[in-house]
Amino acid sequence: MTNNKPKAFLFDLNGTMIDDMAFHNQAWHNILTKDLGASISFDAVKKQMYGKNQDLLERVFGVGHFSQEQIDQISIEKEHRYQAAYKKHLTLIAGLGNFLEKAKQSGIQMAIGSAAIPFNINFVLDNLNIRSFFKAIVSAEDVVNSKPDPETFSKGAEILGVAASECIVFEDAPKGVEAAQNAGMKCVVLTTMHTKEEFAAYNNIISFIEDYTDPVLQEFF
């Protein structure tokens with residue numbers, strides 16, 4: 001990345017483009033405790049919310065506890081509940097609309113690299129009418145290994161035709177930052193769900209921002 005000018009931006013979705021992680025947390029906590037009988041706190045669920053839905057269920061209950069059909073049913077039920085609760089609040093994080101437009105005008109390519117299923121990605125992109133900004137979308141269904149494995153971001157960069165060293169990843173979760181680090185990519189962290197202290201293990205972080213109005217982002221253009 002010459003003179004700190006990236007060629008591509010790779011965005012995580014939930015908690016990074018929209019501030020919705022508390023709604024995911026609530027939907028999962030209700031399903032895990034009330035529907036499935038797990039004894040797990042709200043904060044403990046928060047720590048498990050990375051990777052694919054199947055990964056989360058296997059971390060909580062163990063591999064093989066549910067059939068694949070059951071996992072699929074639980075997963076889509078959770079997403080229906082999340083969308084029903086969050087839809088009236090659906091909006092981009094402050095400044096992101098202008099940031100996407102400026103990146104587009106500057107010739108910076110953009111991709112989404114998310115552990116969400118297409119059902120949730122489409123919910124955001126189509127309701128907010130921002131699909132046209134993204135040349136590549138990598139979802140949970142497009143990778144074998146989810147974050148913190150680098151596959152999500154590496155695949156996005158490959159589709160864009162941009163080297164890892166010329167990409168900036170935008171993330172909100174420690175495991176997502178770890179995935180970017182494993183992919184050889186620098187990262188900007190949105191502090192929507194986690195504190196700065198929770199990212200102490202990673203050395204690929206350029207800066208922490210509350211939203212996309214932060215003036216530090218102008219250094220990328």
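## Reading a fold, step by step

Trainee: Among contacts in the protein between residues at least 6 apart in sequence, what percentage join residues at least 24 apart?

Mentor: A contact means heavy atoms within 4.5 Å. Here, of the contacts between residues at least 6 apart in sequence, 66% join residues at least 24 apart. Before we go on: this is a predicted model, where local features need pLDDT of at least 70 and side-chain atom pairs count only at pLDDT 80 or more, while totals for chains, interfaces and linings use all residues. Residues are numbered from 1 along each chain as its sequence is written, and side-chain values use heavy atoms, leaving out hydrogens and water.

Trainee: Okay, how many helices and strands are there in the protein?

Mentor: Helices (H or I, at least four residues) and strands (E, at least two) are DSSP runs, numbered from the N terminus. You'll find eight helices and six strands. Starting at the N terminus, they go β-α-α-α-α-α-β-α-β-α-β-α-β-β. The radius of gyration is 17 Å, close to the 17 Å of the globule rule for 221 residues, so the protein is as compact as a globular protein of that length. That radius is taken over C-alpha atoms, and the rule is 2.2 Å times the number of residues to the power 0.38. Along the principal axes, the C-alpha atoms fill a box of roughly 55 × 35 × 30 Å.

Trainee: What percentage of the residues count as buried?

Mentor: Buried means under 20% relative accessible area, exposed over 50%, and partly exposed in between (1.4 Å probe, protein chains only). In this protein, 48% of the 221 residues count as buried.

Trainee: And which residues touch the most other members of the largest nonpolar core?

Mentor: A nonpolar core is a set of buried Ala, Val, Leu, Ile, Met, Phe, Trp, Tyr and Cys residues joined through side-chain atoms within 4.5 Å. The largest one has 34 residues, and Phe 9, Phe 11, Phe 134, Phe 170 and Tyr 212 touch the most other members. Elements giving two or more residues to this core include strand E1 (8-11), helix H4 (68-86) and strand E4 (167-171). There's also a second, separate core of 19 residues, with Ala 8, Leu 160, Ala 183 and Tyr 202 among them.

Trainee: Is Ile 108 buried or exposed?

Mentor: Ile 108 is buried, with a relative accessible area of 7%, and sits in the loop between H5 and E2. Its C-alpha atom is 5.2 Å from that of Ala 8, although these residues are 100 apart along the chain. Leaving aside residues up to four places away in sequence, Ile 108 touches several others, including Pro 6, Phe 9 and Phe 220.

Trainee: Where is Ser 139?

Mentor: Look in the loop between strand E3 (136-138) and helix H7 (151-160). Ser 139 is buried, at 3% relative accessible area. Skipping residues up to four places away in sequence, Ser 139 touches Ser 114, Ala 116, Pro 118 and Ile 121.

Trainee: Which residues does a cis peptide bond join?

Mentor: Most peptide bonds are trans, and most residues other than glycine have a negative phi. Here, a cis bond joins Lys 147 and Pro 148, with omega about 15°. Pro 148 is in the loop between E3 and H7.

Trainee: What is phi of Asn 129 near?

Mentor: Phi of Asn 129 is near 55°, a positive value in a residue other than glycine. Asn 129 lies in the loop between H6 and E3 and is exposed, with a relative accessible area of 66%.
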